Amino acid sequence: MKLFSLQDKSILITGATGALGSVAAQALADAGARLTLAGGNAARLSELVAQPGLDDAAAVTRRPDTPADAKAMVEAAVARHGRLDGVLVASGMNHVQPITEMAVEDFDRVMDANARGAWLICQAAGRVLLQQGGGGSIVLVSSVRGSLGHPAGYSAYCPSKAATDLLAKSLAAEWGAEGIRVNALAPTVFRSELTEWMYAGDEKGRTTREAMFARIPLRRFAEPEDFVGALIYLLSDASSFFTGQVMYLDGGYTAC
């Protein structure tokens, strides 16, 4: 079980105030990691670092919008904890609208948040990991929509997640000789502010769930806690020979 230890590993989480990011922060801290938490919502970030076990975390009120933002996040991790060992890129967004009605600016916002933001974080983190030596692990949060289309107006989101998947594969190939592993974690629907309506007991939520459950062998949606085990695996030495992969945590959705 020592392979799964994160004790004293310095890990940066972007999108730390989101549903997945906040659960990951608590779980990784419980596993012994030393965290740097980045998010655009200052109030939520303050609440997060005030949680038990997170008092040693560095807080950076930024989103990965520019090279300077990404550099500041990575530098904060090194300044607080002396080095960087892993990164979880959990920041991102969606804009659902038919392509014939979507403004180019909305398409750009989704691509910037999901693909460009991940690229910027990887660039900044990679520079530090390469300089340090000794390898490291980067986990990008993708989606089953990186390999599947969607009829409800996902013409920005799906391509952005496909780009995320190929970014993981490209960097795994580029950095493999240096021991730096890069993987993508691809969930289907999980509970968050954006999806809470799907969990509701009204007719709309019920109808949506029934349609989705017909494609999910486990017959339920995910909770953010469902991803903790995979994240500990991917960020720990247990996954030392695992890189360039898209790990589908989808209840079997992509198997059908």
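Before we set off, keep in mind that this is a predicted model.

**Stop 1: the sheet.** Colour the strands. Seven of them make an open sheet with parallel pairing, and the order across it is E3-E2-E1-E4-E5-E6-E7. Now select residues 58–60 and 246–249: these are E3 and E7, the edge strands, each pairing on one side only. Turn the view to look along the sheet and you can follow its twist, which averages 15° from one strand to the next.

**Stop 2: a pair of strands.** Select residues 10–14, strand E1, together with residues 86–89, strand E4. The two run parallel and are joined by four bridges. Which residue of E4 is the bridge partner of Ile-13? Leu-88 is the one to click on.

**Stop 3: helices on the sheet.** Next, pick residues 42–49. This is helix H2, which packs on the sheet and touches strands E2 (34–38) and E3, with its direction at about 165° to that of E2.

**Stop 4: the largest pocket.** Select Gly-92, Met-93, Asn-94, Ser-192 and Leu-194, the lining residues that lie nearest the centre of the largest pocket. The space in this pocket is about 1,500 Å³, and 49 residues line it. Which helix gives the most to that lining? Show residues 104–132, helix H4: H4 contributes four residues. Finally, colour the lining by type to find 21 nonpolar, 20 polar and eight charged residues.

How values were computed:
Residues numbered from 1 in each chain as written. Predicted model: local features only at pLDDT ≥ 70, side-chain atom pairs only at ≥ 80, totals over all residues. Heavy atoms only, no water. Pairing = 2+ DSSP bridges. Axes fitted to C-alpha atoms, helices over the stretch in contact; angles between N-to-C directions. Contact = heavy atoms within 4.5 Å. 1 Å grid on protein atoms, 1.4 Å probe; cavity = no way out; pocket = protein on both sides within 12 Å on 5 of 7 lines; lining within 4 Å. Points joined across faces, edges and corners; volume = space filled by probe spheres on them. Nonpolar A, V, L, I, M, F, W, Y, C, P; charged D, E, K, R; others polar.
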